Amino acid sequence: MVETVTISALGHSGDGIAEIDGERVFVPFTLPGEVVEVEQRGERAAALQILEASPDRVAPLCRHFGICGGCALQHMRRDAYLAWKREQVAAAFRQRGIAADVEPVVPIAAGTRRRAVLSAIKTGSQVTLGYHRRGSKEIVAIEECPILLPSLAAAKGTFAEIAGLALDREKEGRITAVAADNGFDVSVQGGGKMSRGKLEAIGRVGNNAAIARLTIDGVEIFRNRPPEIAAGAATLLPTPGGFVQAAASAEAALAEAVLAHVGKAKPVADFFAGIGTFTLRLARQSPVTAIEGEKSLVEALEAAVRRASGLKPVTARRRDLFVNPPSPVELAAFGAVVFDPPAAGAKALAEAIAASTVKRVAAVSCNPATLARDARILIDGGYRLVRVLPVDQFLFSAEIEAVATFERVG
């Protein structure tokens, strides 16, 4: 059914919200105040024509916008886009009864994302490499991706070559490529059976000096050199296909906020430490105990510490913080605590901190809802919210990263 609607707001996913017959309907790629002709499909609707455009509407950067499922908000004027992201964080805190003075969003530029997760499928001798079509399993071949580092976007032919050699026909695979400081770290998932001939052919890709390491289904095929990412004066050693902060400038903003709050507190605990994004920086000024649940990440962090110079003592430990959070007695040993959990947040850890005597806490999160939940726990336990800083880590998506800092009252 075709209807004419007025968009009242943007939802959490960046889709416009309209009302049809008293029910909310989500309309992708629309903006508040726009009058739009739509075709309703259940609780969603497709925009057929923008009858009255918002003054905040701009031309998207990418020819694939609206088809590719990667970006949601390229059509929104930058200041309005950043204000909307800031409001997502503020609203999450308000829902928990916290009147947070959320700072303006730290922006990042297009062409700075250093990690790409691409989908690929081989049909006959042809490889389609790109992102899934919005709301579909179909892979859209990309000709450009303006959010990626230019070097990463320009290497799509190399990644398609690797996919063509590694994948079985008609079987979808995933290519994770990180533009490390010394070359591409490429990881393939779904490579299929590795015959000797296939391995030999893939191994020849190692002649490409731009690739630091290639891993397929967890097996290292070749390594020209260990991939490295600068973290202040130290160097991170990413794991194959593992998480790294999406943009160097965003990582620097997060780290600056964390370090400024921790100050001269000693020693420091870094929970959900990963490969040491904050650990290595914190260890420039204080002994650090780094806690992480994944064995490979702990090993990568330890290797990075061994390679670094000028650090205070770093102790890395493996521990499932969801199942086995620290006790308040354990936490009493630390002058400050930093945590950067997955999107699910750190409820059990926040409860332990709330019952502890730790003086300073810095929480980093990619999910404002769980960050606000954990903040509520800390505040109820006697902490004062000092600062909330959003960082636009995930450009043109509806996601937003944030740092919240706390200090114990009294």
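Mentor: Phe 271 touches Ile 291, Leu 321, Pro 326, Leu 331, Val 337, Val 338, Phe 339, Asp 340 and Leu 349, leaving aside residues up to four places away in sequence. The model is a predicted one.

Trainee: Which residues touch the most other members of the largest nonpolar core?

Mentor: They are Phe 93, Phe 159, Phe 271 and Phe 339, in a core of 119 residues. Helix 1 (residues 78–95) gives the most to this core, with eight residues. Apart from it lies another core, of nine residues, among them Val 5, Ile 7, Ile 20 and Val 38. In soluble globular proteins, nonpolar side chains tend to be buried together.

Trainee: How do you know that the length of helix 5 (residues 248–262) agrees with what its residues should span?

Mentor: The 15 residues of helix 5, at 1.5 Å a residue, should span 21 Å, and because the C-alpha atoms at its ends are 21 Å apart, the two values agree. Buried residues in helix 5 include Ala 250, Leu 254, Val 258 and His 261, and just after the helix Gly 263 takes a positive phi of about 60 degrees.

Trainee: Why is Ala 348 called partly exposed?

Mentor: Buried means under 20% and exposed means over 50%; Ala 348 has a relative accessibility of 27%, so it counts as partly exposed. Ala 348 has its place in helix 9 (residues 347–354), and its C-alpha atom is separated by 46 Å from that of Val 35, 313 residues apart from it along the chain.

Trainee: How many cavities of 30 Å³ or more does a search of the whole structure find?

Mentor: The search finds two.

Trainee: What makes the residues lining the largest cavity nonpolar, polar or charged?

Mentor: Ala, Leu, Ile and Phe count as nonpolar and Lys as charged, and the lining consists of Ala 116, Leu 118, Ile 142, Leu 148, Leu 152, Ala 153, Lys 156 and Phe 159. The division is therefore seven nonpolar, no polar and one charged. The second largest cavity is lined by residues that include Ile 108, Thr 112, Arg 113 and Gln 393, and its lining divides into four nonpolar, two polar and one charged.

Note on methods. Residues numbered from 1 in each chain as written. Predicted model: local features only at pLDDT ≥ 70, side-chain atom pairs only at ≥ 80, totals over all residues. Heavy atoms only, no water. 1 Å grid on protein atoms, 1.4 Å probe; cavity = no way out; pocket = protein on both sides within 12 Å on 5 of 7 lines; lining within 4 Å. Points joined across faces, edges and corners; volume = space filled by probe spheres on them. Helix = DSSP H or I, 4+ residues; strand = E, 2+ residues; numbered from the N terminus. Expected span 1.5 Å × (residues − 1). Buried < 20%, exposed > 50% of the residue type's maximum accessible area, 1.4 Å probe, protein only. Core = buried A, V, L, I, M, F, W, Y, C linked by side-chain atoms within 4.5 Å. Contact = heavy atoms within 4.5 Å.
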